[in-house]
Amino acid sequence: WCLIFHATHHLVLSARSAPACQTNVIKVGGILATKHAASDNISASQDQQVIVLTGGGTGGHITPILALAHELKILQPGCRTVYIGERGGKFTQLTDDHQAIDETHSIYSGKYRRYYGESPLKRLFDIKTLLLNTRDVFLVGIGFIQAWLLLGKIKPCVVFLKGGFVGVPIGMAAALRKIPIVTHDSDVLPGLANRIVSRWAR
């Protein structure tokens, strides 16, 4: 619950500081929250706070996202939570019928395969892994285009990245669109995706 409290607190504060969203500060249960007014980024007909939640690869990424979405709905019942996951991911179906997720989308993504304990020579001649990593570079590029278009349509006030390689194209697109990013990792050492995206996090 400490994880959920801190993540929720960071999300609402990041949404408050989003340059494209005008906000009024309100207090809910002792926690600072924000009520967003209509602006250039959110039209008058769609003035609710939109929060994108992303992460995936394992259930360990998605289940905290579902808990976070639940807390966000308690904190700000009028907010719209949108989950963006990996196309064809094994665990993304967990979000489809969850009551705290208003919308789900999927994009292409790729991972960088690293097998610890392998010698550099073995990695150099691991043709299968080299081919898969090369293919996934193009998948990340496709995912970036999809994420760019999707974020332009959704117009979120903040993007929350829990970890997992699907967050890389979304984080890059959010940074380019100047959308605030919040990253979180449950491990002692952040994963590669969070380390890449964290340079743009606010």
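I started at Asp102, which counts as partly exposed at 38% relative accessibility. For this I took buried as under 20% relative accessible area, exposed as over 50% and partly exposed as in between, with a 1.4 Å probe and protein chains only.

I note that this is a predicted model, in which local features need pLDDT of at least 70 and side-chain atom pairs count only at pLDDT 80 or more, while totals for chains, interfaces and linings use all residues. Residues are numbered from 1 along each chain as its sequence is written, and side-chain values use heavy atoms, with hydrogens and water left out.

**Salt bridges**

I searched the whole structure for salt bridges (a side-chain nitrogen of Lys or Arg within 4 Å of a carboxyl oxygen of Asp or Glu) and got two. In one, Asp102 pairs with Lys73, with 2.5 Å between the closest N and O atoms. I placed Asp102 in the loop between helix H3 (93-96) and strand E5 (103-107) and Lys73 in helix H2 (residues 59-75), so the pair is 29 residues apart and links distant parts of the chain. Helices (H or I, at least four residues) and strands (E, at least two) are DSSP runs, numbered from the N terminus.

The other bridge joins Glu103 to Arg80, with the closest N and O atoms 2.8 Å apart. Here I found Glu103 in strand E5 and Arg80 in strand E4, 23 residues apart, again linking distant parts of the chain. Glu103 is partly exposed at 24% relative accessibility, and Arg80 is buried at 13%. Side chains of opposite charge can pair when their charged atoms come close.

**Nonpolar cores**

I defined a nonpolar core as a set of buried Ala, Val, Leu, Ile, Met, Phe, Trp, Tyr and Cys residues joined through side-chain atoms within 4.5 Å. The largest has 18 residues, and Val52, Ile84, Ile107, Leu151, Ile154, Val159 and Ile170 touch the most other members. I count at least two residues of this core from each of strand E3 (50-54), strand E4 (80-86), helix H5 (127-154), strand E6 (158-161) and helix H6 (167-176). H5 gives the most, with four residues. A second, separate core of 15 residues includes Ile51, Leu66, Leu72 and Cys79.

I then listed the contacts (heavy atoms within 4.5 Å) of Val159. Leaving aside neighbours within four places in sequence, Val159 touches Val52, Thr54, Leu151, Ile170, Ala174, Ile179, Pro180, Ile181 and Val182.

**Charges over rings**

The charged end of Arg177 sits over the ring of Trp148, 3.7 Å from its centre. The charged end of Arg199 sits over the ring of Trp200 at 5.7 Å.

**Positive phi**

Most residues other than glycine have a negative phi, and most peptide bonds are trans. I noted Lys155, not a glycine, with a positive phi of about 55°. Lys155 is in the loop between H5 and E6 and is partly exposed at 32% relative accessibility. Lys178, also not a glycine, has a positive phi of about 60°. Lys178 is in the loop between H6 and strand E7 (181-183) and is exposed at 61%.

**Whole chain**

I finished with the totals: the protein chain has seven helices and seven strands, and 44% of its 202 residues count as buried.

Note on methods:
A charge sits over a ring if NZ of Lys or CZ of Arg is within 6 Å of the ring centre and within 35 degrees of the ring normal.
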